[in-house]
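Subject: Structure handover

Hello,

Please find the structure below. My notes on what was found in it follow.

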Amino acid sequence: MKNIKFKYKDKVYKSAWSLMQQLIEDELVTSVLDYGRSDYLAEFYLLQEDYENGVYDYYIEDEEEFILKFKDKLGVEIIK
C-alpha cells in the first residue's frame with residue numbers, strides 16, 4: 001500500500017518511517033531487537049504500553065503494517 005499518507009497531531013507524514021520516529025519520541029511506540037518467531041535478530045515495533053506490561057503476541061517489523069494495525073490506539077488518521 002504505497003502512497004499512503006498519515007495524519008498525526010495535525011501534521012501530515014508522507015512516510016511511515018518518519019511517523020514512527022515521532023511516535024517513538026512521543027513514547028507511544030518502542031522498538032526492540034528480538035528473535036520474534038524466527039531464527040534471525042530483527043527490529044520489531046511494539047506499543048509502549050504493551051512493552052512496559054510485558055504482554056504482547058505480535059512481532060511487526062514493517063512500520064506501515066504496524067501503523068495500520070494500531071492506528072486507532074495511536075491516534076493516526078490514514079490519508080489516501
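D10 sits in the loop between β1 (5–8) and β2 (11–13); helices (H or I, at least four residues) and strands (E, at least two) are DSSP runs, numbered from the N terminus. The model is predicted, so local features need pLDDT of at least 70 and side-chain atom pairs count only at pLDDT 80 or more, while totals for chains, interfaces and linings use all residues. Residues are numbered from 1 along each chain as its sequence is written, and side-chain values use heavy atoms, with hydrogens and water left out.

Phi of D10 is near 65 degrees, a positive value in a residue other than glycine. D10 is exposed, at a relative accessible area of 72%; exposed means over 50%, buried under 20%, and partly exposed in between (1.4 Å probe, protein chains only).

E27 also has a positive phi without being glycine, near 60 degrees. E27 lies in the loop between α1 (16–25) and β3, and is exposed, with a relative accessible area of 60%.

On the fold, the chain has three helices and five strands. Their order from the N terminus is β-β-α-β-β-α-α-β. The radius of gyration of the chain is 13 Å, close to the 12 Å that the globule rule gives for 80 residues, so the chain is as compact as a globular protein of that length. That radius is taken over C-alpha atoms, and the rule is 2.2 Å times the number of residues to the power 0.38. The C-alpha trace spans about 35 × 25 × 20 Å along its principal axes.

Strand β3 (residues 29–34) pairs with β4 in the antiparallel sense over six bridges; two strands pair if DSSP finds at least two bridges between them. Within this pair, V32 stands opposite F44 in β4. Strand β4 (residues 42–47) is mostly covered, with five of its six residues buried. For the chain, 34% of the 80 residues count as buried.

Of the contacts with a separation of 6 or more, 33% are between residues 24 or more positions apart, a contact being heavy atoms within 4.5 Å.

As for the charges, there are 11 positive and 18 negative side chains, and the centres of the two sets lie 10 Å apart. Lys and Arg count as positive and Asp and Glu as negative, without His and the chain ends; the place of a charge is NZ of Lys, CZ of Arg, CG of Asp or CD of Glu.

Regards
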